[in-house]
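Open the model in your viewer and keep the sequence panel at hand. This tour moves from one selection to the next.

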Amino acid sequence: QEPFVADEYIERLAWRTPGGGSRGGEAFDPKRLLEEFVNHIQELQVMDERIQRKVEKLEQQCQKEAKEFAKKVQELQKSNQVAFQHFQELDEHISYVATKVCHLGDQLEGVNTPRQRAVEAQKLMKYFNEFLDGELKSDVFTNSEKIKEAADIIQKLHLIAQELPFDRFSEVKSKIASKYHDLECQLIQEFTSAQRRGEISRMREVAAVLLHFKGYSHCVDVYIKQCQEGAFLRNDVFEDAAILCQRVNKQVGEIFSNPETVLAKLIQNIFEIKLQSYVKDQLEEHRKSDAEQYLKNLYDLYTRTTNLSSKLMEFNLGTDKQTFLSKLIKAIFISYLENYIEVEIGYLKSRSAMILQRYYDSKNHQKRSIGTGGIQDLKERLRQRTNLPLGPSIDTHGETFLSQEVVVNLLQETKQAFERCHRLSDPSDLPKNAFRIFSMLVEFLCTEHIDYALETGLAGIPSSDSKNANLYFLDVVHQANTIFHLFDKQFNDHLMPLISSSPKLSECLQKKKDIIEQMEVKLDMGIDRTLNCMIGQMKHILAAEQKKTDFKPEDENNVLIQYTNACVKVCGYVRKQVEKIRNSMDGKNVDTVLMELGVRFHRLIYEHLQQYSYSCMGGMLAICDVAEYRKCAKDFKIALVLQLFDTLHALCNLLVVAPDNLKQVCSGEQLANLDKNILHSFVQLRVDYRSARLARHFS
């Protein structure tokens with residue numbers, strides 16, 4: 001038995017043999033164990049022989065049955081082959097019979113079809129005779145429930161009557177036509193009643209009958225008219241139209257054999273009657289009286305109409321539904337879209353002018369006219385070349401005449417104009433129309449507002465020798481910079497998508513570049529003159545506060561101050577201006593302006609120091625002043641400015657150094673590269689310069 005393990009089998013055999021498996025109480029007997037093994041081997045051999053004989057017997061029996069089975073399979077194959085041959089013969093016989101039957105059917109049909117036609121013709125002749133006699137007796141004409149059969153007959157009689165000569169059959173043709181018309185009216189009435197009852201199956205039956213009548217189109221018209229009854233009860237005619245079309249789309253296929261034509265006719269009816277009337281009422285009310293409301297309504301109505309068209313594109317309306325719907329929209333709006341851009345430009349112009357005028361009125365400011373041509377152009381060229389103020393200075397009382405609220409309003413109006421232009425303009429006219437709107441923005445925002453503020457700001461900058469001048473031009477710069485960022489953002493976000501693939505792109509970019517350059521010239525001019533005023537203010541402070549005795553005190557041993565009062569006031573003034581410049585500008589412009597101011601500041605202090613003579617203690621005080629100026633220069637955060645003041649500080653050391661050390665100091669790192677005349681000019685400022693000893697050491 002499985003699983004068989006030989007070692008375990010031997011162990012069990014030895015354990016069952018007396019004296020074979022125990023080493024405990026009973027003595028181990030190898031002879032008895034050997035005898036038991038020999039006997040057991042003999043038993044196993046006998047069992048093996050018996051099993052072998054049984055296996056041989058079973059194999060013989062299996063071989064015998066296999067032969068019998070193979071013989072039986074061969075007999076079955078022969079029987080199957082015979083049956084297959086019989087089946088082929090039967091199939092051929094059936095095909096032969098079927099051919100005969102089909103031939104016979106064709107012959108019968110050939111006989112039956114003319115017979116049926118003859119019977120049908122006989123019936124039509126019978127009905128025709130009734131019309132000829134003037135009395136309709138047949139049940140099909142008198143029984144209202146057989147209207148379908150009557151319609152089929154009268155339709156055929158109507159076709160026959162049209163072929164008959166009028167002079168002989170005028171009366172009967174008239175009667176048939178009258179009956180044809182009556183049945184047509186009855187069918188349409190039946191269709192109408194079924195539609196009101198909501199009986200789709202009956203509507204389908206009547207529509208199928210009317211399909212061969214001339215009044216089939218009238219049936220469709222009735223269906224369309226009744227579909228719209230009670231469909232437009234809300235204020236939103238577009239939503240009502242979409243819901244109606246969706247409902248009819250589900251129903252029309254169950255009623256008519258050409259549902260796409262019926263649905264297209266319904267949509268055409270809605271557009272040409274409902275929507276056109278609604279659009280006209282909404283637009284004509286404001287067309288001449290309120291341009292703003294007219295444009296808003298036009299944009300809204302056109303958008304809602306195109307959205308409705310997009311929803312209707314989901315339905316089956318025939319082959320070219322895109323063109324079909326586009327024509328319907330165009331028919332409604334063509335009279336309004338033809339002159340849209342003229343209305344848009346006119347409104348934008350008047351609206352922008354009103355926004356600006358309202359702002360200037362709020363400031364009680366009468367806008368000055370900035371002339372062009374002739375003398376004004378000459379003044380402009382002279383001012384650009386000489387940077388001199390031409391004409392009287394205007395006191396603006398700190399007003400920049402720039403308003404972010406005005407700018408936001410102008411940009412908002414223009415943004416809405418761009419959106420309307422994108423939606424309402426023909427694709428071929430879109431770049432041209434967008435450019436016209438952009439030109440309006442440039443005119444009113446850039447020219448009439450920003451440029452005017454720059455001109456006014458330039459005129460308000462005092463001369464460089466004015467005392468206690470208020471400098472407001474940097475506020476103009478700051479606001480103009482902010483406004484132009486907004487202008488540039490609208491250019492990129494709203495104008496660029498409309499002109500990006502047209503020749504107008506280069507024209508717009510050039511116009512934008514020209515206006516930027518024009519403004520930059522005036523900004524540069526104003527900043528330059530403002531810097532001159534700052535330097536002028538510093539000169540006034542130095543002239544008023546700096547005394548000659550500051551650097552040549554009467555009592556050399558009793559100097560109690562660390563730096564002069566003039567230095568303190570100048571540094572305080574400079575720090576305020578540096579902070580103002582940082583707040584007014586951004587990017588590299590800050591560094592450029594601060595570097596220019598720093599260079600001029602250094603030149604001023606350099607020239608100022610050249611005006612005095614210095615004693616030993618006065619020279620120390622000058623060094624302290626320059627150290628304070630240098631500390632102030634660090635606020636500029638410009639390497640060149642700090643370097644200039646470092647050099648100036650080193651030059652001031654020449655005012656106090658001992659005569660014997662002058663040459664060593666002049667050859668130091670900071671002064672070695674300076675022109676000798678500059679060094680000499682500083683040494684000459686010493687009160688002891690004329691002493692022979694000092695002159696000899698410096699020569």
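**Stop one: helix α23**

Select residues 676–683, helix α23, in this predicted model. Leu-679, Ser-681, Phe-682 and Val-683 are buried there.

**Stop two: Asp-550**

Which side chain of opposite charge is nearest to Asp-550? That is Lys-547, 6.2 Å away. Asp-550 is buried but has no salt bridge. Show Gln-546 as well: its side chain and that of Asp-550 are joined by a polar contact of 3.0 Å. Then look beyond the neighbours within four places in sequence. There, Asp-550 is in contact with Glu-545, Thr-564, Gly-618 and Leu-621.

**Stop three: α16 and α18**

Select α16, residues 473–499, together with α18. The two helices pack at an angle of about 20°, and their axes are 8 Å apart. Angles under 35 degrees count as roughly parallel, so α16 is roughly parallel to α18. To see where they meet, show Leu-474, Asp-475, Val-477 and His-478 in α16. Their partners in α18 are Lys-580, Ile-581, Asn-583 and Ser-584.

**Last stop: the whole chain**

Zoom out and colour by secondary structure. The chain has 24 helices and zero strands. Of its 699 residues, 38% count as buried. Take the contacts between residues at least 6 apart in sequence: 75% of them join residues at least 24 apart.

Conventions: Residues are numbered from 1 along each chain as its sequence is written. This is a predicted model: local features need pLDDT of at least 70, side-chain atom pairs count only at pLDDT 80 or more; totals for chains, interfaces and linings use all residues. Side-chain values use heavy atoms; hydrogens and water are left out. Buried means under 20% relative accessible area, exposed over 50%, partly exposed in between (1.4 Å probe, protein chains only). Helices (H or I, at least four residues) and strands (E, at least two) are DSSP runs, numbered from the N terminus. Lys and Arg count as positive and Asp and Glu as negative; His and the chain ends are not counted. A salt bridge is a side-chain nitrogen of Lys or Arg within 4 Å of a carboxyl oxygen of Asp or Glu. A polar contact is a pair of N or O atoms within 3.5 Å; within protein, one must be able to donate a hydrogen and the other to accept it, and residues adjacent in sequence count only if both atoms are side-chain atoms. Contact means heavy atoms within 4.5 Å. Axes are lines fitted to C-alpha atoms, for helices over the stretch in contact, and angles run from 0 to 180 degrees between N-to-C directions. Angles under 35 degrees count as roughly parallel, over 145 as roughly antiparallel, 65 to 115 as roughly perpendicular and the rest as oblique.
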